[in-house]
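Please look over the sequence and the model shown below before reading on.

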Amino acid sequence: MVVEAPDYISDLPDECLAVIFQSLSSADRKRSSLVCRRWLMIEGQSRHRLSLNAQGDLLLRVPKLFTRFDSVTKLALKCERRSTSIGDEALEMISLRCRNLTRLKLRSCREITDAGMEAFAKNCRSLKKLSCGSCNFGAKGMNAILNNCASLEELSVKRLRGITDGAAAEPIGPGLAASSLKTICLKELYNGQCFGPLIIGSKNLRTLKLFRCSGDWDKVLRVIPDRVSGLVEIHLERLQVSDAGLTALSTCLSLEILHLVKTPECTNFGLTLVAEQCKLLRKLHIDGWKANHIGDDGLIAVAKHCPNLQELVLIGVNPTKISLETLASNCQNLERLALCGSDTVGDAEISCIAAKCMALKKLCIKSCLVSDEGMKALATGCPNLVKVKVKKCRGVTCDGAEWLRASRGSLAVNLDSGEVELQDANASDGGGGGVQAGLNQMPPVAPSIAGGSRSTARSTSFKARLGLLNGRGIVACTLRRWSSGNGGSQS
(Lines give C-alpha, C1' and ligand atoms only; values in the text may rest on other atoms or scores of the structure.)
Protein backbone atom coordinates (compact mmCIF):
# COMPACT_ATOMS: atom_id res chain seq x y z
CA MET A 1 0.00 0.00 0.00
CA VAL A 2 1.42 3.33 -1.09
CA VAL A 3 1.10 6.12 1.49
CA GLU A 4 0.91 9.55 -0.04
CA ALA A 5 3.06 12.26 1.49
CA PRO A 6 1.17 15.05 3.28
CA ASP A 7 0.35 18.02 1.04
CA TYR A 8 1.69 20.81 3.23
CA ILE A 9 1.19 23.45 0.51
CA SER A 10 -2.56 22.86 0.41
CA ASP A 11 -2.70 23.32 4.19
CA LEU A 12 -0.77 26.57 4.00
CA PRO A 13 -3.00 29.56 4.89
CA ASP A 14 -3.67 32.11 2.17
CA GLU A 15 -1.90 34.88 4.03
CA CYS A 16 1.24 32.78 4.51
CA LEU A 17 1.30 31.95 0.80
CA ALA A 18 0.93 35.66 0.06
CA VAL A 19 4.01 36.43 2.15
CA ILE A 20 5.95 33.86 0.14
CA PHE A 21 4.80 35.44 -3.13
CA GLN A 22 5.94 38.85 -1.93
CA SER A 23 9.51 37.57 -1.56
CA LEU A 24 9.66 36.29 -5.18
CA SER A 25 10.82 38.13 -8.27
CA SER A 26 8.23 39.42 -10.72
CA ALA A 27 8.91 36.60 -13.20
CA ASP A 28 8.64 33.91 -10.50
CA ARG A 29 5.39 35.39 -9.24
CA LYS A 30 3.89 35.23 -12.69
CA ARG A 31 4.97 31.62 -13.14
CA SER A 32 3.64 30.69 -9.71
CA SER A 33 0.26 32.20 -10.48
CA LEU A 34 -0.21 29.62 -13.25
CA VAL A 35 -0.07 26.65 -10.85
CA CYS A 36 -3.75 26.73 -9.90
CA ARG A 37 -6.70 29.08 -9.50
CA ARG A 38 -6.07 29.51 -5.80
CA TRP A 39 -2.49 30.66 -6.40
CA LEU A 40 -3.68 32.94 -9.21
CA MET A 41 -6.13 34.64 -6.87
CA ILE A 42 -3.72 35.00 -3.94
CA GLU A 43 -0.86 36.26 -6.11
CA GLY A 44 -3.08 38.93 -7.63
CA GLN A 45 -4.59 40.08 -4.37
CA SER A 46 -1.21 40.29 -2.62
CA ARG A 47 0.47 42.35 -5.35
CA HIS A 48 0.81 46.00 -4.38
CA ARG A 49 3.08 47.24 -7.18
CA LEU A 50 2.20 47.09 -10.87
CA SER A 51 3.83 48.41 -14.05
CA LEU A 52 1.77 48.42 -17.25
CA ASN A 53 2.34 49.18 -20.89
CA ALA A 54 -0.03 52.13 -21.18
CA GLN A 55 -0.95 51.92 -24.86
CA GLY A 56 -4.46 52.80 -25.92
CA ASP A 57 -5.77 49.21 -25.94
CA LEU A 58 -5.17 49.00 -22.18
CA LEU A 59 -8.62 50.60 -21.79
CA LEU A 60 -10.34 47.33 -22.75
CA ARG A 61 -8.32 45.34 -20.21
CA VAL A 62 -8.67 47.62 -17.21
CA PRO A 63 -11.79 45.92 -15.71
CA LYS A 64 -10.27 42.41 -15.71
CA LEU A 65 -6.80 43.57 -14.71
CA PHE A 66 -7.95 45.47 -11.66
CA THR A 67 -10.43 42.82 -10.67
CA ARG A 68 -7.48 40.52 -10.27
CA PHE A 69 -4.98 43.09 -8.97
CA ASP A 70 -7.37 44.82 -6.60
CA SER A 71 -4.84 45.71 -3.88
CA VAL A 72 -2.45 47.80 -5.98
CA THR A 73 -1.09 50.88 -4.23
CA LYS A 74 1.86 51.67 -6.53
CA LEU A 75 1.17 51.96 -10.25
CA ALA A 76 3.39 52.81 -13.23
CA LEU A 77 1.84 53.59 -16.62
CA LYS A 78 4.44 53.81 -19.39
CA CYS A 79 3.94 54.19 -23.11
CA GLU A 80 6.42 54.11 -25.97
CA ARG A 81 7.01 57.47 -27.61
CA ARG A 82 5.66 56.48 -31.01
CA SER A 83 2.59 54.72 -29.67
CA THR A 84 -0.81 56.12 -28.77
CA SER A 85 -1.20 56.11 -25.01
CA ILE A 86 -4.24 55.65 -22.81
CA GLY A 87 -6.47 58.68 -22.38
CA ASP A 88 -8.70 60.26 -19.78
CA GLU A 89 -11.30 57.47 -19.81
CA ALA A 90 -8.79 54.76 -18.93
CA LEU A 91 -7.13 56.86 -16.22
CA GLU A 92 -10.49 57.63 -14.61
CA MET A 93 -11.50 53.96 -14.78
CA ILE A 94 -8.25 52.97 -13.07
CA SER A 95 -8.73 55.60 -10.38
CA LEU A 96 -12.20 54.23 -9.58
CA ARG A 97 -10.72 50.76 -9.00
CA CYS A 98 -7.57 51.91 -7.17
CA ARG A 99 -8.82 54.45 -4.67
CA ASN A 100 -6.05 53.49 -2.22
CA LEU A 101 -3.31 54.34 -4.70
CA THR A 102 -0.34 56.01 -3.00
CA ARG A 103 2.14 56.20 -5.92
CA LEU A 104 1.60 56.96 -9.59
CA LYS A 105 4.19 57.17 -12.36
CA LEU A 106 3.18 58.42 -15.82
CA ARG A 107 5.60 58.18 -18.74
CA SER A 108 4.77 59.45 -22.24
CA CYS A 109 1.02 59.28 -21.61
CA ARG A 110 0.38 62.08 -24.08
CA GLU A 111 -3.37 61.47 -24.48
CA ILE A 112 -4.12 62.29 -20.84
CA THR A 113 -5.44 65.83 -20.47
CA ASP A 114 -6.24 68.15 -17.59
CA ALA A 115 -9.73 66.61 -17.39
CA GLY A 116 -8.29 63.13 -16.84
CA MET A 117 -5.96 64.35 -14.11
CA GLU A 118 -8.82 66.18 -12.39
CA ALA A 119 -10.94 63.01 -12.36
CA PHE A 120 -8.03 60.96 -11.07
CA ALA A 121 -7.25 63.45 -8.30
CA LYS A 122 -10.83 63.36 -6.99
CA ASN A 123 -10.82 59.56 -6.76
CA CYS A 124 -7.28 58.97 -5.44
CA ARG A 125 -6.93 61.46 -2.62
CA SER A 126 -4.44 59.28 -0.70
CA LEU A 127 -1.71 59.80 -3.30
CA LYS A 128 1.71 60.37 -1.71
CA LYS A 129 4.01 60.32 -4.71
CA LEU A 130 3.48 61.51 -8.29
CA SER A 131 6.06 61.25 -11.07
CA CYS A 132 5.20 62.34 -14.60
CA GLY A 133 7.34 62.73 -17.69
CA SER A 134 6.64 63.69 -21.30
CA CYS A 135 2.93 64.19 -20.66
CA ASN A 136 0.68 66.79 -22.28
CA PHE A 137 -1.59 67.91 -19.44
CA GLY A 138 -0.88 71.30 -17.94
CA ALA A 139 -1.30 73.57 -14.95
CA LYS A 140 -4.97 72.74 -14.35
CA GLY A 141 -4.26 69.03 -14.08
CA MET A 142 -1.29 69.61 -11.79
CA ASN A 143 -3.27 71.99 -9.59
CA ALA A 144 -6.05 69.39 -9.36
CA ILE A 145 -3.55 66.96 -7.83
CA LEU A 146 -2.24 69.58 -5.41
CA ASN A 147 -5.74 70.66 -4.38
CA ASN A 148 -7.13 67.16 -3.77
CA CYS A 149 -4.17 65.07 -2.57
CA ALA A 150 -3.44 66.56 0.83
CA SER A 151 -0.97 63.76 1.67
CA LEU A 152 1.31 64.27 -1.34
CA GLU A 153 4.94 64.04 -0.22
CA GLU A 154 6.97 63.72 -3.45
CA LEU A 155 6.45 65.42 -6.80
CA SER A 156 8.64 64.80 -9.84
CA VAL A 157 7.86 66.54 -13.14
CA LYS A 158 9.82 66.19 -16.38
CA ARG A 159 9.00 67.75 -19.75
CA LEU A 160 5.41 68.68 -18.93
CA ARG A 161 4.29 69.99 -22.31
CA GLY A 162 0.87 71.34 -21.47
CA ILE A 163 2.01 74.42 -19.56
CA THR A 164 1.15 77.62 -21.42
CA ASP A 165 4.17 79.46 -22.81
CA GLY A 166 5.20 82.92 -21.75
CA ALA A 167 4.03 85.20 -18.97
CA ALA A 168 0.46 83.94 -19.35
CA ALA A 169 1.36 80.60 -17.80
CA GLU A 170 -0.97 79.68 -14.96
CA PRO A 171 0.76 79.50 -11.54
CA ILE A 172 0.98 76.04 -9.99
CA GLY A 173 0.29 75.52 -6.30
CA PRO A 174 0.53 75.69 -3.45
CA GLY A 175 -2.79 73.88 -2.81
CA LEU A 176 -3.59 71.50 0.03
CA ALA A 177 -0.39 69.52 -0.60
CA ALA A 178 1.79 72.46 0.41
CA SER A 179 1.93 71.31 4.02
CA SER A 180 2.82 67.70 3.20
CA LEU A 181 5.28 68.06 0.29
CA LYS A 182 8.83 67.11 1.24
CA THR A 183 10.46 66.62 -2.18
CA ILE A 184 10.07 68.57 -5.44
CA CYS A 185 12.02 67.63 -8.56
CA LEU A 186 11.64 69.62 -11.80
CA LYS A 187 13.42 68.61 -15.02
CA GLU A 188 13.60 70.16 -18.48
CA LEU A 189 10.74 72.61 -18.13
CA TYR A 190 10.43 75.72 -20.28
CA ASN A 191 8.17 77.31 -17.69
CA GLY A 192 9.42 75.69 -14.54
CA GLN A 193 9.02 78.94 -12.65
CA CYS A 194 5.26 78.38 -12.79
CA PHE A 195 6.02 76.03 -9.89
CA GLY A 196 7.44 78.95 -7.92
CA PRO A 197 4.30 79.39 -5.76
CA LEU A 198 4.41 75.69 -4.91
CA ILE A 199 8.10 75.73 -3.97
CA ILE A 200 7.74 78.83 -1.87
CA GLY A 201 4.49 77.62 -0.29
CA SER A 202 5.78 74.17 0.69
CA LYS A 203 6.81 75.10 4.21
CA ASN A 204 7.96 71.56 5.09
CA LEU A 205 10.03 71.06 1.94
CA ARG A 206 13.30 69.19 2.58
CA THR A 207 14.59 68.37 -0.93
CA LEU A 208 14.56 70.64 -3.99
CA LYS A 209 15.99 69.46 -7.33
CA LEU A 210 16.02 71.70 -10.40
CA PHE A 211 17.50 70.33 -13.63
CA ARG A 212 17.74 72.23 -16.93
CA CYS A 213 14.78 74.52 -16.34
CA SER A 214 14.87 77.82 -18.23
CA GLY A 215 14.47 81.26 -16.67
CA ASP A 216 16.13 83.32 -13.95
CA TRP A 217 15.99 81.21 -10.78
CA ASP A 218 17.64 83.75 -8.51
CA LYS A 219 14.22 85.37 -8.04
CA VAL A 220 12.70 82.17 -6.68
CA LEU A 221 15.71 81.26 -4.53
CA ARG A 222 15.68 84.70 -2.87
CA VAL A 223 12.21 84.09 -1.46
CA ILE A 224 12.74 80.50 -0.30
CA PRO A 225 14.55 81.21 3.02
CA ASP A 226 11.69 83.41 4.26
CA ARG A 227 9.11 80.68 3.66
CA VAL A 228 10.95 77.34 3.86
CA SER A 229 13.21 76.77 6.83
CA GLY A 230 13.98 73.06 6.75
CA LEU A 231 15.69 72.54 3.37
CA VAL A 232 18.24 69.74 3.69
CA GLU A 233 19.08 68.91 0.07
CA ILE A 234 19.37 71.17 -3.01
CA HIS A 235 20.35 70.19 -6.56
CA LEU A 236 20.91 72.92 -9.16
CA GLU A 237 21.91 71.76 -12.63
CA ARG A 238 22.25 73.83 -15.81
CA LEU A 239 20.24 76.71 -14.40
CA GLN A 240 20.47 80.45 -14.69
CA VAL A 241 21.52 80.97 -11.10
CA SER A 242 24.27 83.17 -9.69
CA ASP A 243 25.89 84.12 -6.41
CA ALA A 244 22.71 86.03 -5.59
CA GLY A 245 20.87 82.72 -5.42
CA LEU A 246 23.64 81.12 -3.38
CA THR A 247 23.58 84.08 -1.01
CA ALA A 248 19.91 83.37 -0.36
CA LEU A 249 20.52 79.64 0.10
CA SER A 250 23.29 80.36 2.58
CA THR A 251 20.60 81.24 5.13
CA CYS A 252 19.21 77.68 4.91
CA LEU A 253 21.05 76.58 8.02
CA SER A 254 19.80 72.97 7.83
CA LEU A 255 21.40 72.37 4.44
CA GLU A 256 23.37 69.09 4.31
CA ILE A 257 23.57 68.25 0.59
CA LEU A 258 24.37 70.71 -2.21
CA HIS A 259 24.89 69.97 -5.91
CA LEU A 260 26.08 72.78 -8.21
CA VAL A 261 26.29 71.32 -11.70
CA LYS A 262 27.13 73.49 -14.70
CA THR A 263 26.08 76.76 -13.08
CA PRO A 264 28.87 79.02 -14.46
CA GLU A 265 27.62 82.18 -12.74
CA CYS A 266 28.26 80.66 -9.31
CA THR A 267 31.70 81.62 -8.01
CA ASN A 268 33.98 81.28 -4.99
CA PHE A 269 32.11 84.18 -3.39
CA GLY A 270 28.75 82.39 -3.33
CA LEU A 271 30.25 79.07 -2.25
CA THR A 272 32.11 80.80 0.58
CA LEU A 273 28.89 82.32 1.90
CA VAL A 274 27.19 78.92 1.84
CA ALA A 275 30.14 77.28 3.62
CA GLU A 276 30.28 79.94 6.34
CA GLN A 277 26.57 79.60 7.21
CA CYS A 278 25.67 75.98 6.31
CA LYS A 279 27.99 74.23 8.72
CA LEU A 280 26.01 70.97 8.59
CA LEU A 281 27.05 70.34 4.98
CA ARG A 282 27.79 66.61 4.45
CA LYS A 283 27.82 66.22 0.66
CA LEU A 284 29.07 68.71 -1.90
CA HIS A 285 29.08 68.13 -5.67
CA ILE A 286 30.51 70.80 -7.97
CA ASP A 287 30.74 70.60 -11.75
CA GLY A 288 32.64 73.74 -12.68
CA TRP A 289 32.23 73.18 -16.42
CA LYS A 290 35.78 74.49 -16.89
CA ALA A 291 34.58 78.00 -16.03
CA ASN A 292 37.27 78.34 -13.34
CA HIS A 293 34.93 80.42 -11.18
CA ILE A 294 35.19 77.98 -8.27
CA GLY A 295 38.60 76.90 -7.01
CA ASP A 296 40.90 77.05 -4.02
CA ASP A 297 39.22 79.99 -2.27
CA GLY A 298 35.78 78.39 -2.18
CA LEU A 299 37.13 74.95 -1.26
CA ILE A 300 39.25 76.36 1.58
CA ALA A 301 36.12 78.03 2.97
CA VAL A 302 34.34 74.66 2.85
CA ALA A 303 37.28 73.04 4.62
CA LYS A 304 37.32 75.63 7.40
CA HIS A 305 33.59 75.79 8.10
CA CYS A 306 32.17 72.36 7.20
CA PRO A 307 33.94 69.77 9.39
CA ASN A 308 31.13 67.23 8.85
CA LEU A 309 31.85 66.89 5.13
CA GLN A 310 31.68 63.21 4.13
CA GLU A 311 31.45 63.34 0.33
CA LEU A 312 33.12 65.72 -2.13
CA VAL A 313 32.82 65.49 -5.92
CA LEU A 314 34.77 67.98 -8.04
CA ILE A 315 34.30 67.92 -11.84
CA GLY A 316 35.98 70.47 -14.07
CA VAL A 317 37.38 72.20 -10.98
CA ASN A 318 41.10 72.91 -10.57
CA PRO A 319 42.02 72.55 -6.89
CA THR A 320 45.66 72.73 -5.90
CA LYS A 321 47.58 71.02 -3.14
CA ILE A 322 46.78 74.00 -0.88
CA SER A 323 43.02 73.49 -0.84
CA LEU A 324 43.22 69.69 -0.90
CA GLU A 325 45.55 69.69 2.09
CA THR A 326 43.23 72.02 4.00
CA LEU A 327 40.25 69.79 3.16
CA ALA A 328 42.14 66.68 4.23
CA SER A 329 43.28 68.24 7.50
CA ASN A 330 39.98 69.84 8.55
CA CYS A 331 37.38 67.44 7.14
CA GLN A 332 38.42 64.32 8.99
CA ASN A 333 35.12 62.57 8.25
CA LEU A 334 35.66 62.69 4.47
CA GLU A 335 34.86 59.19 3.19
CA ARG A 336 34.19 59.66 -0.53
CA LEU A 337 36.21 61.86 -2.90
CA ALA A 338 35.98 62.24 -6.69
CA LEU A 339 38.36 64.38 -8.77
CA CYS A 340 37.42 64.54 -12.46
CA GLY A 341 38.66 66.60 -15.39
CA SER A 342 41.15 68.63 -13.39
CA ASP A 343 44.27 70.22 -14.89
CA THR A 344 45.91 70.67 -11.51
CA VAL A 345 45.49 67.27 -9.84
CA GLY A 346 48.65 65.16 -10.23
CA ASP A 347 50.82 62.83 -8.22
CA ALA A 348 51.64 65.48 -5.60
CA GLU A 349 47.96 66.08 -4.89
CA ILE A 350 47.20 62.35 -4.71
CA SER A 351 50.15 61.90 -2.34
CA CYS A 352 48.70 64.65 -0.14
CA ILE A 353 45.33 62.91 -0.08
CA ALA A 354 46.98 59.58 0.73
CA ALA A 355 48.89 61.10 3.65
CA LYS A 356 46.06 63.19 5.13
CA CYS A 357 42.67 61.57 4.41
CA MET A 358 42.56 58.97 7.15
CA ALA A 359 38.81 58.29 6.88
CA LEU A 360 38.68 58.04 3.08
CA LYS A 361 36.95 54.87 1.83
CA LYS A 362 36.28 55.53 -1.86
CA LEU A 363 38.39 57.53 -4.31
CA CYS A 364 37.59 58.24 -7.95
CA ILE A 365 40.11 59.91 -10.29
CA LYS A 366 39.15 60.67 -13.88
CA SER A 367 40.99 62.58 -16.63
CA CYS A 368 43.66 63.94 -14.28
CA LEU A 369 47.45 64.21 -14.57
CA VAL A 370 48.07 61.23 -12.32
CA SER A 371 50.66 58.49 -12.97
CA ASP A 372 51.81 55.25 -11.38
CA GLU A 373 53.65 57.33 -8.77
CA GLY A 374 50.29 58.47 -7.42
CA MET A 375 49.15 54.86 -7.22
CA LYS A 376 52.26 54.02 -5.18
CA ALA A 377 51.34 56.74 -2.69
CA LEU A 378 47.93 55.12 -2.19
CA ALA A 379 49.60 51.83 -1.31
CA THR A 380 50.66 53.14 2.10
CA GLY A 381 48.10 55.91 2.74
CA CYS A 382 44.36 56.14 3.47
CA PRO A 383 44.18 53.14 5.85
CA ASN A 384 40.38 52.81 5.45
CA LEU A 385 40.38 52.88 1.65
CA VAL A 386 38.28 50.07 0.12
CA LYS A 387 37.81 51.16 -3.49
CA VAL A 388 39.83 53.13 -6.05
CA LYS A 389 38.52 53.92 -9.51
CA VAL A 390 40.88 55.42 -12.09
CA LYS A 391 39.55 56.36 -15.51
CA LYS A 392 41.20 58.06 -18.49
CA CYS A 393 44.38 58.93 -16.63
CA ARG A 394 47.01 58.19 -19.27
CA GLY A 395 49.87 58.15 -16.79
CA VAL A 396 48.38 55.20 -14.88
CA THR A 397 49.28 51.87 -16.46
CA CYS A 398 47.91 48.37 -15.99
CA ASP A 399 51.14 47.47 -14.18
CA GLY A 400 50.63 50.35 -11.73
CA ALA A 401 47.07 49.28 -10.98
CA GLU A 402 48.09 45.64 -10.56
CA TRP A 403 50.92 46.64 -8.23
CA LEU A 404 48.51 48.66 -6.07
CA ARG A 405 46.09 45.75 -5.92
CA ALA A 406 48.88 43.34 -4.98
CA SER A 407 50.16 45.72 -2.29
CA ARG A 408 46.73 46.00 -0.68
CA GLY A 409 44.89 42.75 -1.21
CA SER A 410 41.59 43.98 0.23
CA LEU A 411 41.52 47.08 -2.00
CA ALA A 412 39.24 47.02 -5.06
CA VAL A 413 41.07 48.70 -7.95
CA ASN A 414 39.12 49.60 -11.08
CA LEU A 415 41.20 50.91 -13.99
CA ASP A 416 39.83 52.17 -17.30
CA SER A 417 42.61 53.78 -19.29
CA GLY A 418 40.57 53.84 -22.48
CA GLU A 419 42.32 50.72 -23.76
CA VAL A 420 42.35 48.03 -21.08
CA GLU A 421 40.03 47.63 -18.13
CA LEU A 422 40.98 45.85 -14.94
CA GLN A 423 38.00 45.22 -12.74
CA ASP A 424 37.76 43.54 -9.40
CA ALA A 425 34.55 41.66 -8.79
CA ASN A 426 34.31 43.20 -5.32
CA ALA A 427 34.33 46.71 -6.76
CA SER A 428 30.85 46.56 -8.22
CA ASP A 429 28.05 48.19 -6.33
CA GLY A 430 24.78 46.28 -6.19
CA GLY A 431 21.35 47.78 -6.49
CA GLY A 432 17.83 46.58 -5.98
CA GLY A 433 14.77 47.18 -8.07
CA GLY A 434 11.05 47.04 -7.46
CA VAL A 435 8.83 44.18 -8.59
CA GLN A 436 7.08 44.95 -11.86
CA ALA A 437 4.46 43.16 -13.90
CA GLY A 438 4.32 43.87 -17.64
CA LEU A 439 0.90 43.69 -19.30
CA ASN A 440 2.11 41.48 -22.14
CA GLN A 441 3.60 38.93 -19.74
CA MET A 442 0.71 38.60 -17.32
CA PRO A 443 -1.15 35.31 -17.14
CA PRO A 444 -4.81 35.55 -18.20
CA VAL A 445 -7.44 36.39 -15.64
CA ALA A 446 -9.55 33.35 -14.91
CA PRO A 447 -13.28 34.23 -15.23
CA SER A 448 -14.15 32.00 -12.29
CA ILE A 449 -12.08 34.16 -9.93
CA ALA A 450 -14.23 37.19 -10.54
CA GLY A 451 -17.53 35.33 -10.60
CA GLY A 452 -17.74 32.50 -8.04
CA SER A 453 -19.43 33.24 -4.70
CA ARG A 454 -17.11 30.85 -2.89
CA SER A 455 -14.04 32.63 -4.26
CA THR A 456 -15.49 36.04 -3.41
CA ALA A 457 -16.16 35.09 0.21
CA ARG A 458 -12.71 33.58 0.56
CA SER A 459 -11.15 36.65 -1.07
CA THR A 460 -12.81 39.07 1.36
CA SER A 461 -11.79 37.02 4.39
CA PHE A 462 -8.25 36.60 3.09
CA LYS A 463 -7.67 40.31 2.55
CA ALA A 464 -8.98 41.16 6.00
CA ARG A 465 -6.63 38.66 7.63
CA LEU A 466 -3.67 39.72 5.51
CA GLY A 467 -4.01 43.32 6.67
CA LEU A 468 -3.81 42.33 10.34
CA LEU A 469 -1.03 39.77 10.37
CA ASN A 470 2.65 40.06 9.62
CA GLY A 471 4.75 37.54 7.71
CA ARG A 472 7.01 36.29 10.48
CA GLY A 473 4.13 35.58 12.86
CA ILE A 474 2.19 33.73 10.18
CA VAL A 475 5.09 31.47 9.33
CA ALA A 476 5.81 30.68 12.97
CA CYS A 477 2.14 29.95 13.67
CA THR A 478 1.90 27.64 10.65
CA LEU A 479 5.03 25.71 11.60
CA ARG A 480 3.69 25.18 15.11
CA ARG A 481 0.37 23.95 13.67
CA TRP A 482 2.14 21.48 11.41
CA SER A 483 4.28 20.23 14.29
CA SER A 484 1.35 19.67 16.65
CA GLY A 485 -1.23 18.49 14.10
CA ASN A 486 0.81 16.11 11.96
CA GLY A 487 3.46 15.02 14.39
CA GLY A 488 6.04 15.52 11.67
CA SER A 489 9.61 16.56 12.21
CA GLN A 490 10.93 19.94 11.12
CA SER A 491 14.15 20.24 9.20
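On helix H10, the face turned away from the buried side carries Lys219, Asp226 and Arg227, which are exposed (over 50% relative accessible area with a 1.4 Å probe and protein chains only, whereas buried means under 20% and partly exposed is in between). Helix H10 spans residues 218-227, and its buried residues are Asp218, Val220, Leu221 and Ile224. An α-helix has 3.6 residues a turn, so residues three or four places apart point the same way. The partners against which the buried residues of H10 pack are helix H9 (196-201), strand E7 (207-211), strand E8 (233-237) and helix H11 (243-249). Helices (H or I, at least four residues) and strands (E, at least two) are DSSP runs, numbered from the N terminus.

The model is a predicted one, in which local features need pLDDT of at least 70 and side-chain atom pairs count only at pLDDT 80 or more, while totals for chains, interfaces and linings use all residues. Residues are numbered from 1 along each chain as its sequence is written, and side-chain values use heavy atoms, with hydrogens and water left out.

For the chain as a whole, the secondary structure comes to 20 helices and 16 strands, and buried residues make up 49% of its 491 residues.

How many cavities of 30 Å³ or more does the structure hold? There are three of them. A cavity is a set of points, on a 1 Å grid over the protein atoms alone, where a 1.4 Å probe fits but cannot get out, and its lining residues have an atom within 4 Å of a point. Grid points are joined across faces, edges and corners, and the volume is the space filled by probe spheres set on the points.

The largest cavity holds about 80 Å³ of space. It is lined by 13 residues, of which Thr263, Cys266, Asp287, Gly288 and Ile294 are the closest to its centre. Six residues of this lining are nonpolar, five are polar and two are charged; here Ala, Val, Leu, Ile, Met, Phe, Trp, Tyr, Cys and Pro count as nonpolar, Asp, Glu, Lys and Arg as charged, and the others, Gly among them, as polar.

The second largest cavity holds about 40 Å³, and its lining consists of Leu312, Leu324, Leu327, Ala328, Leu334, Leu337, Ile353 and Cys357. This lining has eight nonpolar residues, no polar and no charged. Helix H14 (residues 321-330) gives the largest share of the lining, three residues.

A search of the whole structure finds zero disulfides, a disulfide being a pair of cysteine sulfur atoms within 2.5 Å. Cys364 is therefore in no disulfide, and the nearest cysteine sulfur, that of Cys340, is 4.6 Å away. Cys364 counts as partly exposed because its relative accessibility is 22%, and Cys398 counts as partly exposed because its value is 24%.

| Pair | Apart in sequence | C-alpha to C-alpha |
|---|---|---|
| Gln332 and Met358 | 26 residues | 7.0 Å |
| Thr164 and Gly138 | 26 residues | 7.5 Å |
| Lys356 and Asn330 | 26 residues | 9.6 Å |

Gln332 is found in the loop between H14 and strand E12 (336-340), and it is exposed, with a relative accessible area of 59%. Leaving aside neighbours within four places in sequence, Gln332 is in contact with Pro307 and Ala359. Thr164 lies in the loop between strand E5 (154-158) and strand E6 (183-187), where it is partly exposed at 43% relative accessible area. Lys356 belongs to helix H15 (residues 347-356) and counts as partly exposed at 36% relative accessibility; beyond its neighbours within four places in sequence, Lys356 is in contact with Glu325, Ala328 and Ser329.

Is Asn268, finally, buried or exposed? Asn268 is buried, because its relative accessible area is 18%. This residue lies in helix H12 (residues 268-277), and, not counting residues up to four places away in sequence, Asn268 touches His293, Ile294, Gly295, Asp297 and Gly298.

Note on methods:
1 Å grid on protein atoms, 1.4 Å probe; cavity = no way out; pocket = protein on both sides within 12 Å on 5 of 7 lines; lining within 4 Å. Contact = heavy atoms within 4.5 Å.
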